[in-house]
Each structure stands twice: as C-alpha cells, then as structure tokens.
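Please open the model in your viewer, with the sequence panel beside it, and follow the stops below in order.

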Amino acid sequence: MTQNQKTSNSPLTHFDSSGQAHMVDIGEKAETHRVAVATGKISMLHSTLSLIQQGNTKKGDVLGIARIAAIQASKKTADLIPLCHPIPLTRVAVDFEVDQTTNSIKCLVTTETYGKTGVEMEALTAVNVGLLTIYDMCKAADRGMVISDIKLLEKHGGKSGDWVAQ
C-alpha cells in the first residue's frame, strides 16, 4: 500500500493521509438496510402555484414530471457526484406538498437500499433535481422562483446508526 492509498484519521473520509481525494473503500463494511430522507422547497408567485395546481402549464403535469425526474436523478447520483459509489436502490419515494400560505412546494424524498454505504446523497440529489424540474417547467411564468432549505432529515442503517435532524 502506498502512502497515498492509506486512509487518514480525518473525519473527512474522502481524503487519504496525503490529502488526496479518493473513493472510500467500503469492501469490508457490512450490508445493512439503509434509509435516507431529504427535503427542500421551491417558493414562487401565487399565480405560478395556481398554474401548477390547475395543470395549465405549457409543459404538462409539473409535479408528475418532477417526481419522475427526482427518481431518475437518484439513480444517477454516482454519475453526478464524483466520489459516490453506484448504489442499487430498492426504493425511491417522492412526495410534494403544496403550501398555499407561503406559495411554495415542498419536496420530500425517501431512498432505500440494502448495501454497504448510505443513500443520503441519492435522496439529496433527487430533491435538488425534482425542484429544478419544477423551476424549468415554470420559468416562463416566474423566473424569480427560489429553491431553498435543502437538507437531510434522517438516515438509518450502517455502522454509524440512526441520525435525525433536530
């Protein structure tokens, strides 16, 4: 094993002892049931939210297409994030909640697998792409939409166990 292949004691696991980026070795890790839940929201004009709810956008069913985009993105995470492992997802659930009082749509994604590494990045990627799809489909009506509050809500499984946001 060369110096660059040795792992460091740093909490940043994607760097070796020389500070070089590397893909984390998960070969010896146990396969466990792993779950991650992530969220984010997109805020918009009231008129834009009305268009989405009425299905009157020129591009079609905004939330239906955003749901498919989010699922597709979760499966492509390793292609987008350089040091992520490709993961065989066993479940991806995407839900949208419309909030009339804030003229926003919340995206909630749950990802699952039975594997050697977690699915947090897949959930977060799915949220981002789902919300970006809403933006893309509605930008002709509202270029001022704001995507915000993207975060991991919880993760379960693996050596580090369960974690839930405060």
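Which residues touch the most other members of the largest nonpolar core? Select M44, I52, F96, I105 and I134, which hold that position among the 27 residues of this core; a nonpolar core is here a set of buried Ala, Val, Leu, Ile, Met, Phe, Trp, Tyr and Cys residues joined through side-chain atoms within 4.5 Å, and buried means under 20% relative accessible area, with exposed over 50% and partly exposed in between, for a 1.4 Å probe and protein chains only. Two or more residues each are given to this core by strand 1 (32-43), helix 1 (46-54), helix 2 (62-75), strand 2 (91-99), strand 3 (104-115) and helix 4 (120-138). Helix 4 supplies the largest share, eight residues.

Before going further, note that this is a predicted model, in which local features need pLDDT of at least 70 and side-chain atom pairs count only at pLDDT 80 or more, while totals for chains, interfaces and linings use all residues. Residues are numbered from 1 along each chain as its sequence is written, and side-chain values use heavy atoms, with hydrogens and water left out.

**The whole chain**

Colour by secondary structure, and the protein chain shows four helices and five strands, in the order β-α-α-α-β-β-α-β-β along the sequence; helices (H or I, at least four residues) and strands (E, at least two) are DSSP runs, numbered from the N terminus. Of its 166 residues, 37% count as buried. Among the contacts with a separation of 6 or more, 67% join residues 24 or more positions apart, where contact means heavy atoms within 4.5 Å.

**I105 and its neighbours**

Now centre on I105 and leave aside residues up to four places away in sequence: I105 touches G40, K41, I42, M44, L49, I52, L63, F96, E97, V98, L131 and I134.

**Helix 1**

Select helix 1 next, where the buried residues are T48, L49, S50 and I52. The cover over these residues includes helix 2, strand 2, strand 3 and helix 4. After helix 1 comes G55, with a positive phi near 75 degrees.

**A70 in helix 2**

Move to A70, which lies in helix 2. Is A70 buried or exposed? A70 counts as buried because its relative accessibility is 0%. Leaving out residues up to four places away in sequence, A70 touches V94, A126 and G130. For a distance to check in the viewer, the C-alpha atoms of A70 and V92 lie 8.9 Å apart, with the two residues 22 apart in sequence.

**The strand pairs**

D99 has S104 in strand 3 as its bridge partner. These two strands form a hairpin with four residues between them, and N103 in the turn has a positive phi of about 50 degrees.

Continue to strand 1 and strand 4 (residues 146-156), an antiparallel pair over eight bridges, where A38 stands opposite L152 in strand 4. Strand 4 also pairs in the antiparallel sense with strand 5 (residues 163-164), over two bridges, and K155 stands opposite W163 in strand 5. Finish at G157, which takes a positive phi near 100 degrees in the hairpin of strand 4 and strand 5, with six residues between the strands.

How values were computed: Pairing = 2+ DSSP bridges.
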